[in-house]
Amino acid sequence: MGVSRLIAVDLLPERLEVSNRMGATHTIRGSAAEVATAIETITDGRRADLVAEAIGKADTLNLAAKLLRRDGTLLAFGLPHKYNYDFAFHEFFWNEGRLICSLGPTLDDFRVAVDLIANGVIDVEPLVTHTFPFSRAQEAFTLFADRADGVIKVVLTAELYDRHQPLA
């Protein structure tokens with residue numbers, strides 16, 4: 001979709017491996033300082049045009065702002081963990097950064113995404129690491145929250161029971 005360089009940053013190696021499969025041209029795992037240095041190197045000092053922050057914490061939001069080139073865009077996609085953040089606004093302002101906040105897709109965005117997936121334009125298969133029947137929803141949520149067993153995305157099916165387990 002016109003992106004020549006897509007850099008994925010994560011602390012979990014299994015997520016970075018999937019990022020490669022989903023089209024990332026570079027992956028970075030490390031501390032904030034290591035990430036900033038790697039971005040500088042990969043972009044020849046220009047930094048990023050767009051940074052999507054998907055964690056929702058002050059430290060990752062501030063790091064995302066520091067990774068932007070002048071006049072770059074910061075997409076705050078991660079749900080905020082607190083009502084107020086310490087944000088390095090002065091530096092962001094003088095860098096002429098743009099901030100876009102997003103709670104998620106609109107209905108129109110959702111329709112486009114479903115169409116792209118249904119028509120095979122985007123393959124989400126590498127993201128779905130676990131599937132559970134609805135009756136095991138708590139187990140699925142716990143697995144995801146604990147980041148256990150290499151989980152990336154969990155799908156709940158409409159089955160009311162697990163056909164692989166005997167009924168009690």
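1. Of the 168 residues in the protein, 24% are buried. Keep in mind that this is a predicted model.

2. Start with the overall layout. The secondary structure consists of 6 helices and 7 strands. Read from the N terminus, the elements follow the order β-α-β-α-β-α-β-α-β-α-β-α-β. The C-alpha trace spans about 65 × 35 × 30 Å along its principal axes.

3. Next, the contacts along the chain. Take those between residues at least 6 apart in sequence: 48% of them join residues at least 24 apart.

4. T43 deserves a look. T43 sits in the loop between helix 2 (32-42) and strand 3 (48-53). Is T43 buried or exposed? T43 counts as buried because its relative accessible area is 3%, under the 20% cut-off. The T43 side chain reaches the backbone oxygen of I39 at 2.7 Å. Leaving aside residues up to four places away in sequence, T43 touches R5 and I7.

5. Now helix 5, residues 107-118. Helix 5 has 12 residues. From first C-alpha to last, helix 5 reaches 16 Å, close to the 16 Å expected at 1.5 Å a residue. Just after helix 5 comes G120, with a positive phi of about 75 degrees.

6. Last, the second largest pocket. The volume of this pocket is about 190 Å³. Which residues lie nearest its centre? They are A76, F77, G78, P80 and C101, out of 14 residues that line the second largest pocket. By type, the lining divides into 9 nonpolar, 3 polar and 2 charged residues.

Notes:
Residues numbered from 1 in each chain as written. Predicted model: local features only at pLDDT ≥ 70, side-chain atom pairs only at ≥ 80, totals over all residues. Heavy atoms only, no water. 1 Å grid on protein atoms, 1.4 Å probe; cavity = no way out; pocket = protein on both sides within 12 Å on 5 of 7 lines; lining within 4 Å. Points joined across faces, edges and corners; volume = space filled by probe spheres on them. Nonpolar A, V, L, I, M, F, W, Y, C, P; charged D, E, K, R; others polar. Helix = DSSP H or I, 4+ residues; strand = E, 2+ residues; numbered from the N terminus. Buried < 20%, exposed > 50% of the residue type's maximum accessible area, 1.4 Å probe, protein only. Polar contact = N/O pair within 3.5 Å; in protein donor to acceptor, adjacent residues only side chain to side chain. Contact = heavy atoms within 4.5 Å. Expected span 1.5 Å × (residues − 1).
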